[in-house]
Amino acid sequence: MKDKLSGQVDLTRLWDPASAPGLIASLGLRSPLLARDESATCAIVGSPRFHHPEDESSVRASGPAAALLACWQKNGAELCSRIGGAYALAIVDARRQCVFLAVDRFAIETLCYRSDQRTLAFSDRADCVPGRSNELDPQAIFDYLYFHMIPAPRTIFSGVRRLPAAHALLVDRQGARAIRHWPLRFDEQHRLPFEASRDRFRKLVRDGVADEIDGHPRVGAFLSGGTDSSTVAGMLGEVTGQAAAAYSIGFEADGYDEMEYARIAARHFGCRHHEYYVTPADLLASMPAVARHHDQPFGNSSALPAYYCARIAQADGCSKLLAGDGGDELFGGNSRYALQRVFEFYHAVPQGMRRAIEPLCEDGSVLRRIPGLRQATGYVRHSRVPMPDRLQSFNLLMQLDPAKVLSADFLARIDLAEPSRHMQATWGECRAPSLINRMLAYDWRYTLADSDLPKVRGATAMAGIAVGYPLLSDRLTDFSMTLPANWKLRRFKLRWFFKEALRGYLPDEILTKKKKGFGLPFGVWATRNPALKQFAADSLHSLATRGIVRPDFVARLLADHLPEHPGYYGEMVWILTMLEQWLRGHGAAEVSA
């Protein structure tokens, strides 16, 4: 795979005042946008947007890379506070004797790096970082099995790190230090009348769509039939004044197909609607390529249908697709937000009463054996788990028991508590008073930056088409952070403001439907389609020879668990299959000790 942005800096030359200017002149960086002056060079990928008019005029005069470099010369590491949009950038500065790497608020564009005392190397892909080792990090593999992706800053490769969303890295004589350049500040006291907020919201969504289509002759939209994608498709038609091209994926499987809702939205907005039904044969044809395309193991199963959606859009002549990602995470749309509010009610119970109740809910309690009371004791047990660990109370790997899934040798090389520490650190970055806003900020990291955006980015890149996220524009994000918390989650009603603001714009059927997206019926198909079942079995048995998962677990998963509950255990079969396919595609690199 080719990267878009990469380079390698000899730090010993950069620290030497005599050789640093020559380093800048000779530095070879891969980048679609590059600028250099007598003391520094700047390489970027993406489409940064400047907040200040004087910077915007510099862009018009000399281009974005030169404007960023000029802004850096004036503002140094404060540069990121002056820009927004989707970007990854690298600046090498001989005068300041430093290297500065940064990515945007949601890591729409990514940047990975490795650093030692002599060299700093970077790339937008972990597997393309110059000089990286082929050794794999066993903790990263465990993190993948836990989260179904590898959260930044870790990557699959030992010694290679990925910049987390909204972060920069400054490397100078004092060492390398990470900087969060966009603080998570929610204004929970702000109040505006609903009508004014609704009008502002609609304008910001429309502006976000207009910004994303600028410069592209033909732009389409993903259309799942949910509120987010339907809103984007509708706004696309408004902005262009033409019937929007919309692309949808369906599945011939009960409980998974949402094509009818996509058709409702397409009819409502007069879209030119394109449908494609993914089949088990499509999975067999594309799973190895989808796994191999990502720069590290990636287990979001919606990546494959998203790829087919992007492929038909590209074949239809689109140069860019607009995705609806972000609506749930900015405005409170995920069902677990309401569930966690239920658990929080327990903490309002007086402490003395809780002390009396909790011993009755332990494993040995007789109440745990009474069906009606077992559910009540389960509520207490889950309520006692502190946030954010409670969000992973039903984690698939932990429910199965790592000791029964992973080989003893592999288990000895990883830290089972590392995911919890990672989540707690992420949770601690946001100091919002309300539970809903803290959960949103948490999901900006895990759901958006590390899972959903790489899914769509990878799918569209494979299909040879660009992607934009109008619901993640800086202005709409900032607006969402000023809304009252109970406008996002009103009692147990999810994304109250978002839906009320679009009432009369979206069809009522879509406003009241439950969200599914492009969920893949892999487990169901893997039990019914012999070829797909064999492909998964071959992948899992091969993975079992690598010393990561136990062969007896693989046998039990395929023979017992999957047939009993295809929808539930199919997810584990999927992530193990994609891990094996990624390892094959990348030469089955050695796992480091």
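User: Which residue with a positive phi follows α6?
Analyst: After α6 comes a residue whose phi is positive, near 90 degrees. Helices are DSSP runs of H or I with at least four residues, strands are E runs of at least two, and both are numbered from the N terminus. The residue is G215.

User: What pLDDT do local features need here?
Analyst: Residues are numbered from 1 along each chain as its sequence is written, and side-chain values use heavy atoms, without hydrogens and water. This is a predicted model: side-chain atom pairs count only at pLDDT 80 or more, totals for chains, interfaces and linings use all residues, and local features need at least 70.

User: How far apart are the end C-alpha atoms of α6?
Analyst: The expected span is 1.5 Å times one less than the number of residues. Helix α6 has 20 residues, 194–213, so it should span 28 Å. The model agrees, with the end C-alpha atoms apart by 29 Å.

User: Which residue caps the N-terminal end of α25?
Analyst: A polar contact is a pair of N or O atoms within 3.5 Å; within protein, one must be able to donate a hydrogen and the other to accept it, and sequence neighbours count only if both atoms are side-chain atoms. Here a side-chain oxygen lies 3.2 Å from the backbone nitrogen of A531. The cap is N529.

User: Which helices are among those covering the buried residues of α25?
Analyst: Buried means under 20% relative accessible area, exposed over 50%, and partly exposed in between, with a 1.4 Å probe and protein chains only. The buried residues of α25 include L532, F535 and L540. Contact means heavy atoms within 4.5 Å. The cover includes α9, α24, α26 and α27.

User: Is N437 buried or exposed?
Analyst: N437 is found in α19, residues 435–463. Its contacts, not counting residues up to four places away in sequence, include F186, E188 and K488. Its relative accessibility is 0%, so N437 counts as buried.

User: Which residue of β10 stands opposite A168?
Analyst: Strands β9 (167–172) and β10 (175–180) run antiparallel, joined by six bridges. A hairpin of two residues connects β9 to β10. Opposite A168 stands I179.

User: How many degrees lie between the ring planes of Y307 and Y308?
Analyst: Rings of Phe, Tyr and Trp (its six-membered ring) pair if their centres lie within 6.5 Å; planes under 30 degrees apart are stacked, over 60 edge-to-face, the rest tilted. The count comes to 28 aromatic pairs. The Y307 and Y308 rings are edge-to-face, 5.3 Å centre to centre, with an angle between planes of 65 degrees.

Note on methods: Two strands pair if DSSP finds at least two bridges between them.
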